[in-house]
Amino acid sequence: MEALIDTEAEAYRLAQSLYNLRRKRDSALGPRRIFGEPAWDILLDLYIASKRGMEIQVSSVCIEAGVPSTTILRWIARLEKEGLLYRKADRGDARRRFVRLTDEGHAVMRRVLRAIGPIG
């Protein structure tokens, strides 16, 4: 009998691994910022957050990516235009906005993570 594979759980584990590996790589480089893939960092961060049932603020995305906020805001706008994410105002604090993957954003991440396959 074939074992059933939970593809959503596997994609989530892969996304976490990729995210952690990028942070380890960046940490090992110290202050040098010679690698940069802000769009991928944003999509990974949002995918992982959605699987954890967490909300991510725009300001948190800026901090986690480790690049200037202007760069991240440009990428958020581009990914929003591409239909991969959207921003939503916080009902409790008008100054705060959350960013989330759209259904298409989730579908793209699942496709990419399946294409990458397991690490190791």
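**View 1. Helices H1 and H5 cross at roughly 80° in this predicted model.** The axes of H1 and H5 come within 10 Å, where axes are lines fitted to C-alpha atoms, for helices over the stretch in contact, and angles run from 0 to 180 degrees between N-to-C directions. H1 and H5 are therefore roughly perpendicular to each other, the ranges being under 35 degrees for roughly parallel, over 145 for roughly antiparallel, 65 to 115 for roughly perpendicular, and oblique for the rest. Glu8, Ala11, Leu14, Ala15 and Leu18 of H1 meet Arg110, Leu113 and Ile116 of H5, with contact taken as heavy atoms within 4.5 Å. By class, this contact of H1 with H5 has 6 nonpolar, no polar and 2 charged residues; Ala, Val, Leu, Ile, Met, Phe, Trp, Tyr, Cys and Pro count as nonpolar, Asp, Glu, Lys and Arg as charged, and the others, Gly among them, as polar. Helices (H or I, at least four residues) and strands (E, at least two) are DSSP runs, numbered from the N terminus.

The model is predicted, and local features need pLDDT of at least 70, side-chain atom pairs count only at pLDDT 80 or more, and totals for chains, interfaces and linings use all residues. Residues are numbered from 1 along each chain as its sequence is written, and side-chain values use heavy atoms, with hydrogens and water left out.

**View 2. Helix H2 (residues 38-52) is largely enclosed by the rest of the structure, because 12 of its 15 residues are buried.** Buried means under 20% relative accessible area, exposed over 50%, and partly exposed in between, with a 1.4 Å probe and protein chains only. The buried residues of H2 are Pro38, Ala39, Trp40, Asp41, Ile42, Leu43, Leu44, Asp45, Leu46, Tyr47, Ile48 and Ala49. From its first C-alpha to its last, H2 reaches 21 Å, close to the 21 Å expected at 1.5 Å a residue, the expected span being 1.5 Å times one less than the number of residues. Just after H2, Gly53 takes a positive phi of about 70°.

**View 3. Arg52 of helix H2 is in contact with Tyr12 and Gln16, leaving aside its neighbours within four places in sequence.** Arg52 is partly exposed, with a relative accessible area of 46%. The C-alpha atoms of Arg52 and Tyr12 are separated by 9.3 Å, although these residues lie 40 residues apart along the chain.

**View 4. Helices H2 and H5 cross at roughly 105°, with axes that come within 11 Å.** H2 and H5 are therefore roughly perpendicular to each other. The contact is made by Trp40, Leu43, Leu44, Tyr47 and Ser50 on the H2 side, and by His106, Met109, Arg110, Val112, Leu113 and Ile116 on the H5 side. By class, the contact of H2 with H5 has 8 nonpolar, 2 polar and 1 charged residues.

**View 5. The buried residues of H5 pack against H1, H2 and E3.** These buried residues are Gly105, His106, Ala107, Val108, Met109 and Leu113. H5 has 14 residues and reaches 20 Å from its first C-alpha to its last, close to the 20 Å expected at 1.5 Å a residue. H5 is followed by Gly117, whose phi is positive, near 75°.

**View 6. The largest nonpolar core has 28 residues.** Such a core is a set of buried Ala, Val, Leu, Ile, Met, Phe, Trp, Tyr and Cys residues joined through side-chain atoms within 4.5 Å. The residues with the most contacts inside this core are Ile42, Leu46, Val61, Ile76, Val99, Met109 and Leu113. H1 (7-29), H2, H3 (58-65), H4 (69-81), strand E3 (97-101) and H5 each supply at least two residues of the core, and H2 gives the most, with 9 residues. Not counting residues up to four places away in sequence, Ile76 touches Ile42, Val58, Val61, Leu85, Arg87 and Val99.

**View 7. Ala89 is found in strand E2 and touches Arg96 and Arg97, not counting residues up to four places away in sequence.** Ala89 is partly exposed, with a relative accessible area of 40%.

**View 8. Glu82 lies in the loop between H4 and strand E2 (85-89).** Glu82 is partly exposed, with a relative accessible area of 48%. Glu82 and Glu104 are 22 residues apart in sequence and 9.4 Å apart in space, C-alpha to C-alpha.
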